[in-house]
Amino acid sequence: MIVLLVGLLLVLFIVPNVWAKWVLQRYSRPRDDYPGSGGELARHLVERLGLEGVTVEVTEHGDHYDPASRKVRLSAGNFEGRSLTAVTVAAHEVGHAIQHHHGYQPLLVRTRLVGVAQRAEKLGAGLMMAAPLLFLLTRTPGGTAMVVIAAVLSFGTAALVHLITLPVEFDASYQRALPLLKQYLPPYDMPAAQHLLTACAFTYVAASLASILNLGRWLVILRR
């Protein structure tokens, strides 16, 4: 039963993840008719909107906005690229900076919860690895069960946090970035831009499902 559940979750994880990557890749072709790169658009928006203290830089750790350092970080391809993907991703990440600038409460809560989720996942992995050793040392299934329950709660917390904070991503895409993109992109690019904005948000769905899959993987290991 657990194996079937993990298999189903694997499919559910793969579909949105593959779709999001496919959409981002599909529109990554360079556009000669775009006046600037994703990084240039991000810097222009930051200056135009008066987002004081916000800077834009290249990162090797995926496109994101860091509220702690007030930095919009873009991958090299999106920072330097002149493609629909590059400018749309840049606008999405600036959308988070706009949320922060306006004191958008869900973003502030998300920032705290993401730290909780990361610690929970590490704790869950540690507890899962400790469970077999605890059983061997104590020969008490009850103690092992408590460790497993704690690990389930830890991984479950991580997945739940990702899902709860998903509206923050959609707000950054559709309430912040989309109105800006309408001012810079030609009308015929807007349908594709909306697909890209959805893909940006769905990367968070993939992260949530990945946490659930991690839990399922450990449960299968412990059953052996």
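Below is a short chat about a predicted model and what was computed from it.

User: Before we start, what are the ground rules for this model?
Analyst: The model is predicted, so local features need pLDDT of at least 70 and side-chain atom pairs count only at pLDDT 80 or more, while totals for chains, interfaces and linings use all residues. Residues are numbered from 1 along each chain as its sequence is written, and side-chain values use heavy atoms, with hydrogens and water left out.

User: Let's do α4. Is it enclosed or open?
Analyst: 17 of the 18 residues of α4 are buried, so α4 is largely enclosed by the rest of the structure.

User: What about its span?
Analyst: At 1.5 Å a residue, the 18 residues should span 26 Å, and the end C-alpha atoms are 25 Å apart, which agrees. The expected span is 1.5 Å times one less than the number of residues. G103 follows α4 and has a positive phi, near 65 degrees.

User: What does the side chain of T88 reach?
Analyst: T88 sits in α4, residues 84–101, and is buried at 0% relative accessible area. Its side chain reaches the backbone oxygen of L84 at 2.7 Å.

User: Where's L24, and how far is it from T85?
Analyst: L24 is in helix α1, residues 2–26, and is partly exposed at 22%. L24 and T85 are 61 residues apart in sequence, with their C-alpha atoms 5.8 Å apart.

User: Switching to α7. Where does it bend?
Analyst: α7 bends by about 45 degrees at A177, and a proline, P179, follows within four residues. The bend is the angle between axes fitted to the seven residues ending there and the seven starting there.

User: Then how far apart are its ends?
Analyst: The end C-alpha atoms of α7 (residues 166–184) are 26 Å apart; 19 residues at 1.5 Å each should span 27 Å, which agrees. Among its buried residues are L166, V168, R176, A177 and L181. P167, also in α7, counts as partly exposed at 48%.

User: What lines the second largest pocket?
Analyst: Y34, P35, G36, S37, L41, H44, V87, Y184 and L185 line it. A pocket, on a 1 Å grid over the protein atoms alone, is an open set of points where a 1.4 Å probe fits, with protein on both sides within 12 Å along at least five of seven lines; lining residues have an atom within 4 Å of a point.

User: How much space is in there?
Analyst: About 150 Å³ lies in the second largest pocket.

User: Last one: what's up with phi at R70?
Analyst: Phi of R70 is near 55 degrees, a positive value in a residue other than glycine. R70 is in the loop between β2 (64–66) and β3 (71–75), and counts as partly exposed at 23%.

Terms used:
Helix = DSSP H or I, 4+ residues; strand = E, 2+ residues; numbered from the N terminus. Buried < 20%, exposed > 50% of the residue type's maximum accessible area, 1.4 Å probe, protein only. Points joined across faces, edges and corners; volume = space filled by probe spheres on them. Polar contact = N/O pair within 3.5 Å; in protein donor to acceptor, adjacent residues only side chain to side chain.
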